[in-house]
Structures are given as structure tokens and as C-alpha cells.
Amino acid sequence: MKEWGEIAVPSNWTMAGLFDKPVYTNVKMPFENNPPMVPEENPTGVYRTTFRAPKEWKGRRVVIHVGGAESYLELYLNGRLIGMGKDTRLPSEFDLTRAVDFKGVNTLVCKVIRWSDSSYIEDQDQWWMAGIYRSVYLYATSPAYLEDVFSLGDYDRETGSGTVSVKVHLGFDFESYRNKECINGTSGPTEDFEVRCELCNAAGKKVWSAAAKIDWSFRKDYYRAELTGRLRRVQPWSSEAPTLYSLTTELYTASGELLDCRRAKVGFRRVEMVGRDLRINGERVIIRGVNRHEHDSRTGKTLSLESMVQDICMMKRFNFNAVRTCHYPDDHRWYDLCDEYGLYVLDEANFEAHDNYTNICRDPRWKTAIVARAERMVLRDRSHACIIGWSLGNESGSGENHQAEAAAVRALDDSRIIHHEGEIKDLWSQGHHCYFDADKSFNAFVNPMYPTLEDILTYARDRRADRPVIPCEYAHAMGNSSGSLGDYWDLFWNEPGIQGGFIWDWVDQGIWTKDQNGVEFLGYGGDFGEKSHDFDFCCNGMISPDREPHPAMYEFLHLTGPVKVELLNTKKFRFKAANRRNFTSLADLAGLWEVQRNGRTVQKGKLALAAAPGESEVFTLPVKPFEIGPEDEVFVNFRFVLKKATPYAEAGWELANDQCDITGAFKRAAAPAEPAGTAAPAVTGTKQGWIIAAGDTVLKLAKNGDGTVEYGGKTVLESLPECNIFRACTDNDGIRGWDGQEHKPMGLWLKAGLDRLKRTASSCRVENSGNAAVATIEREFAGSDKKAPIRFTEKITVGGDGVVRFDCSYEIAEALPTLPRVGVSFLTAPGFEELEYFGRGPFENYIDRNRAAFVGRYATTVAETYVDYILPQENGNRTDVREFSLAGGGAVLEVKALDRFEFGVSHYTAADLFGAFHRKDLKARPETVVTIDRRQRGLGTGSCGPQTRPEYEVSEKSYTLSFSLKIKK
């Protein structure tokens, strides 16, 4: 090369704006699928740097650590090939001792090739990147050193005692111990070694120490030693109380010279299967898990420690207690954090062959690579208390290579369970599950991906069931998703044999990029010029790429909180609080309660709870009775917050909440007398239609039923409520960038023409009725099939007091599919931005994801209700709404439900959202788009999993919707 450029290490060159770009695929290989061949045009990066070796390292063993390189690595020092590595997700270490120049400058060269045969077993539903993306560093050891220190803390719940075990294996710099002078001379060590261990508790007090001799001759103890000790009383490690002890392991010569020293953290805990329960420290722990890819929206696979801490703190704050390292071992620092903060880890081997699902798992040519990956993972990570199980990989079938992999794992560590989702398949291909007659040592769980509720419930209640159901992936969180999360958690909490699961997944894998005009936006598959990609299927996280929680996170927090409140006696205000924790009391939480009447707080207080793990306590609130109106509602809200700051959250962070309806405890006042009648509104016929005036409120109607509403001489509604059936399809409704979506709801709706309904008939008549004027609009709409209409009747009643009532009815043709929604939409004039409502909130909610959204009165703005999913889609809905108001331009629109409805407000129509592929494609309208629905379809998880459940569909063929509109200053 004539000129070298500069690049940061660690980093992905695919994120550096250079010659190569990221590629996203889910299943398919990014090049021709012909194992083990790779493309002739194969992006390659050559890294070069220099260093001087410390002179005091001379005579010592010098090693370079490359934390991760994607995907094939060759390393050279001073022109000499040192070695190569092909495991992208684990470190490669190389002995540089014989190539180091201690007198001058050393030239280090790393050649990284993007595609290799290993790419076929790293086909892992993530961005394909390239480069040295984890840290690189040098270190030196003595010629004899601690090659492996395996420490394990075991906990006996019955006695409270702990056992510490330290297994040591020595390594040697062979050249240093080989006698080069004469063939018959001695070689190898000539004196014994001693290993010394010391264990200290969190306060720094020594609680155990031991020493062991390792004989100089290999034939005596194979250069290994095991030191064990029993501690009469220990503080166990768990996700709730992650108590760690500090272990120091030192290697000495027989004469007392210190050769090596290692420090590690030890947690005392036991993982075991008892019957069909996964037990940790003797307790059946519900797995509140999530899958986590390593991803940063600006740095790709290179993660900072700060980013990892941010992730783990957010997980803890939202009640996650477990993480699956999909689909490869993570940066070593992640495990240190999981030990420290308390997360159970399912550590997954770097093996997925999704596009070669049926064959690589049983092809003996791949056996060595597959087994080596699992062995290297276990050897690196097995001293971490946080790891409760080893996963043999992901979506790679089930075959002889998995068997060999499992045997290798058990040989290295038999203290944890083994997870292998492919085991439950009785065919070579993905699909049909078989849960019975299993080798449980090969797969400890029933761990299907995206099972239906019925599927796992049927298994759990089967007499043959002998393993717990813990889905390794469920509740696919793509876009506006996580429907029925509460239904799954009803089973997880209440059904024996079903023990939680791992949500897919943690973070949207969007990447910041720029368009041709320099506008920055979050990109997904296809936004980087890739010919082969899987569109936005990488955007399925519970949080955004910038680590902002999606609304589904609050649903999860509510469903999994450490406290569950149950109403026992309404009139006596008696409740029961259950402690859902396994190991700690509720003493660290402060309870807060407030009584709300129609969404406004009228009484509040504090609540002290200290229930032991798994126990409950009954309490009575000191609520003072009061009289309520005929339509009033009263709820009591409970919040449980941290009394003191923790490593993961500040004091006052809310970990649990509940709401109970206590309206029945209060005496209702008699209904007030009917107000005196008002003069009927004035109705004036015009050439165009009618004008109905009631004070400052004026309704202008055309003969076809179109119209506007004015107040005080200014237009406030630019259109009247109109039949509204379509929504901007969510990712679960159908993936816009994929073929084969015809059977999905989106495909059915588009085929039926619901996105382009045309008015085929319309009539309007106006008549007086007592002190009101009534306009009746009858319309018929049709999509693709003119013989399958939707008949919409809207009766508009204008009272003399200016209140306008809308009574809508819908008759839907049998031939039409289940609908996105049934309701109306209309446009306000510009300026109606301030929103207040009485319903479920404060965040977006839908009929199958609204348990965390408590009934209350909330104030926000139209713009703030927009939820910024990477692919624009339906968002911002509210359910169980009693009333809402919009203010702006000197007027307030008050909409009141005659039957509870759902509603949303936005500056975008459904067509605007559905026509956009990124937020940058949207242009906000000055008007406010209002949707009011009798019912909107739930969300489900149909992008990869069960579609919206039947009870949350819009499948009836007849609906009614009624509400009123009042306008005031």
C-alpha cells in the first residue's frame, strides 16, 4: 500500500464509513450458500501497529489477546506468522515469546477476512460486521503459570453452609523448559510448585485459605490440584442478593518465589433440577428473562463498559432476572457485571447454522469446530456465579455434533444444566415439537420458540411432563408488539410446570446512517445497499437502539414486580400483598397508596411491608369514606419504590405497582334532576346541504354527509367523524418488506382493499326531533370485492346546548376478514395540541397489552403520544377511555364516551404511517388526526410467533359506537 489509513481498535470497519458496509440477514446467508466455500471477492482488512516490549518481560512468556475479530484472523509479528483464529465471538490468544524483539520496535500485523467457513456456523439473526471489534492487549507470565483456575461456590440451603472448590491447571512455556544442550539432559520442571488460595468476604475478612503442592513430575498429578473448603455459614448469591466473595489464587515455586496470581469473584449458589422444577438455592425461581444481542447503534458490535452497565441497570430496574447471550458468548465484562448486579445467565455457544439447519449439525466435518466453540466458552466462563446453564447454540437442528458438544460441556462442568432447543424437534427441520421421552441431560427444559399458550399449558398438565417449560424465545417484541404478555405471565405465575421464559429480544438493532441529503436516520436491512437482506426483522427489541424503553417494558415491569396486591374486602379496604421474591423480604421497599376519584387523587398514604420471601401479609387502608356521584369511579393505586439507592437504581425507583377498583365501597348520591330543556338548534337548508346552529357551535353538512364543525365562527373540525377500518399495519400484522405475507393480517387486509375503501353509496337527511336536530348519514364502502361492503350509519344529534352526540353502527360483510379496527376518524383544525384524558395510561396501550396502564386522568400533548418505532406503524392508542379533551386555538373539544372506547391522536394519518419506511419519511400535519374506536385489534406477536389471540380480534360482523362532543372556550 502507498498509504495506511487509521482506524480505532476495537471497532467494526463496517461502521467506519470505509469500503465495506453492514449486512443484516436472519436466516439466509449473505452470499451463496455452499458450505464451506466463500466469495472470491472477500473484504479484507490489514491492521498494522508497532510496540516496544518492556525489557523486564525478557525471559517471560509474552501473549497477545485479541478479544474478538470477525471472522477470520491471521496474526503476524515482525514478519512471522504466529497463528490464526476463526471463532468470532471468543478471544484468540497467541504466544509471541519467540518472535518479540526486546531491543527494538516490534511490528504487529493482523489480517482480518470478513467471510470464512466459520460464517456458516455464525448465521445468527444479527448484523454481519467485520473487523477487530473487541479489545487487544499484551500480557506476560512466568514460564510456569496458572493456565486455568476453575472456582465454584456451592450452597446448601438446609444448613446455610457453602463449599468452595478451586481446580488449578498449570501451563508452561515449552521452550523455556526444554534442554537444548544435550539429548540425554534433563528437561521440564525440576522442583515442585505450590498453589495458595485465600477467600475473603465482602468486608475483606479472610474466611478460608488452603494450599496444595503440585509435583514437578507430570506423572504424579498431571500438573493439577484441587483445593476445597467448607464454610459453616455463607451469604448465598442470587439475582436478588448477589453477594460475592473475593478469591486470590497464587502460584509459588517450592522455594517461595511468586510466579503467578489470579483474582476472581465467587458466589455461593446451587443450580439443580428437582422433578420438573429448575431450582436455584433450593427455590423454584421464575425466569424473567430476555435475549440480548451485543449491539450499539453507532459502534456495532463494539460495546463500551458504560453501555453494558446501562443495559444491566435497565434490566434490573424493569425486573428482569435472567439473560440469554443470544447467540454467542458475550464480552467477558458482561459476565462480571451479571455477577455483580445479579442476573442469571444462559451462556450460549457461538453456533448457529440457520440456513443449513438440517445438515451441519450432523456433518462430521464440522464436529471439531462446533465442539471447540462450546469447550472454549465453558473454559472461559465457568467460574462465574451468574451462569446457570450452558446453551449448545441456536437454530442449528439437532444431531451428532450436538451430542459431542454436550458431552464435552459436561466433562468440563457438571454443575449447571444444558439447554438445547433443537432437542425438542422430532424432524430434521424446524417445526413440529416433541416434548416427551427426552434425554434430559441433553436438554433440561421444554424450551420451544414462540409457543402458543395452549401448547405449553397442554404439556404442563400432561401426566408425562417431567421438565419445566421455559421458552428460550417468546413474545417477539418487533415494533409495536408484546401482545398477550399478560396472558403468558398468568401461566408463568400460576401453572405448575411452567417457569417463565426469555423474551425476544432486548434492543432494536437499528444503525444510525445518513441518506443522500445528509439526514440521519436509523437504518435496517436494505439501507446499506445490500442485495440480500431481511428488512427490519432486526428491530425487535424491548428498548430502542438508543436505550429508550418501549411501552411494553412497563407492561413487563408490572407483570413481574416483586409485590402483587389482591383486594380481599372492598368495603373494609382490606388487601393482601404477596412477596414474589424467592430470597429477600420486602423491607427494602416503601409502599405508597393513593385513592383516585375519577382519576384525581383525594386521599393518599404510606404502607410499610416486610413480608418474607414467598409470604404474604394482609393490611387495611385507613380510607375515609365519602359520597360519590352516579357515574363516579374510585380506584386505589399502589406503588412500591426503593427506599434507598441500589447499584442499579436511584432511591424512589418504582419496582412494582397495582390498581384495584374500590368503587363499590362508596355510597352513591342520587342522580340529579334532568336539566331544563333548551331551545332547539336552528336548522337552515342551503343549496349545498344544511347548517345546524346551537349557540356558538355550528355544524355544516353537505348533502352527501360530509361536513365541518365551527365554534365561535372558527372551524374546529375540518371533517366529521368518518368510518375508519384500517390501521398502519404493525410488524406483527405483516412485514412490509417481505414476500409471502399473504396469509398474515396485513396480506388479508390489503387483498380485501381495506387500505383503499371507496364510498359506493352515501345519503344524508336532517330532521328535527324535540329540542334537537338529527342528521342521519348512511354510507356504504367497498374494497376489492364490491359484493362485500361495509355499511356505516352515523346518527348525529345536535342539542340546543351545543352538545353533539354521535351514534355509529357498522354492518360488515361476512366475506371480509377480521378487521384492524372499527371506529371513526376526523381532523381537527391546526393547533389542537394539548391533550387530557380519563382512561388507561399514561403510555400507549392496546387491549392485549394494557395491564400496566392504570385507569387515571392524564395530561400530555398530541406530539408526545407518538411512539417512535423504527418502522412507522400504528402507535399511541389508549384503551378503556371514558373521556378526553383537546385544547388549542381558543377552544376545547371535550369527547365523552357513552360506551367506553379506544382513541388515539396524532399528526399522521394511517396512510401517512403505512407509506413511510423511516421516521424521516414522515411530515407532520398541522391538524390533529383523531381516531375513536369501538374496538381495535390487539397486537399479538405474529411477526414471529402466535398471531393476535381470537379474544382480541375484531371479528364480529356488527358493532355500535357512541360518544358526545362538547366545545367550549
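This briefing covers a pair of helices and a sheet. The structure is a predicted model. Helices H5 and H6 come within 9 Å of each other, axis to axis. An open sheet of 6 strands is the other topic.

**How the two helices cross**
- Helix H5 spans residues 367-381, and helix H6 spans residues 400-412.
- Their axes cross at roughly 25 degrees.
- Angles under 35 degrees count as roughly parallel, so H5 and H6 are roughly parallel to each other.
- The crossing of H5 past H6 is right-handed.

**Where the helices touch**
- On the H5 side, the contact residues are Lys-367, Ile-370, Val-371, Ala-374, Glu-375, Val-378 and Leu-379.
- They meet Asn-401, Ala-404, Glu-405, Ala-408, Val-409 and Leu-412 in H6.
- Sorted by class, the contact of H5 with H6 has 9 nonpolar residues, 1 polar residue and 3 charged residues.

**The sheet as a whole**
- Its 6 strands run in the order S28-S27-S25-S24-S23-S29.
- The pairing is parallel, and the sheet is open.
- Strand S28 (417-419) sits at one edge and strand S29 (500-503) at the other.
- Each of these edge strands pairs on one side only.
- Neighbouring strands are turned against each other by 25 degrees on average, with direction ignored.

- Strand S25 covers residues 344-348, and strand S27 covers residues 387-391.
- S25 and S27 pair in the parallel sense over 4 bridges.
- Asp-347 stands opposite Trp-390 in S27.

Conventions
Residues numbered from 1 in each chain as written. Predicted model: local features only at pLDDT ≥ 70, side-chain atom pairs only at ≥ 80, totals over all residues. Heavy atoms only, no water. Axes fitted to C-alpha atoms, helices over the stretch in contact; angles between N-to-C directions. Parallel < 35°, antiparallel > 145°, perpendicular 65-115°, else oblique. Left-handed = near helix turned anticlockwise from the far one by under 90°. Contact = heavy atoms within 4.5 Å. Nonpolar A, V, L, I, M, F, W, Y, C, P; charged D, E, K, R; others polar. Pairing = 2+ DSSP bridges.
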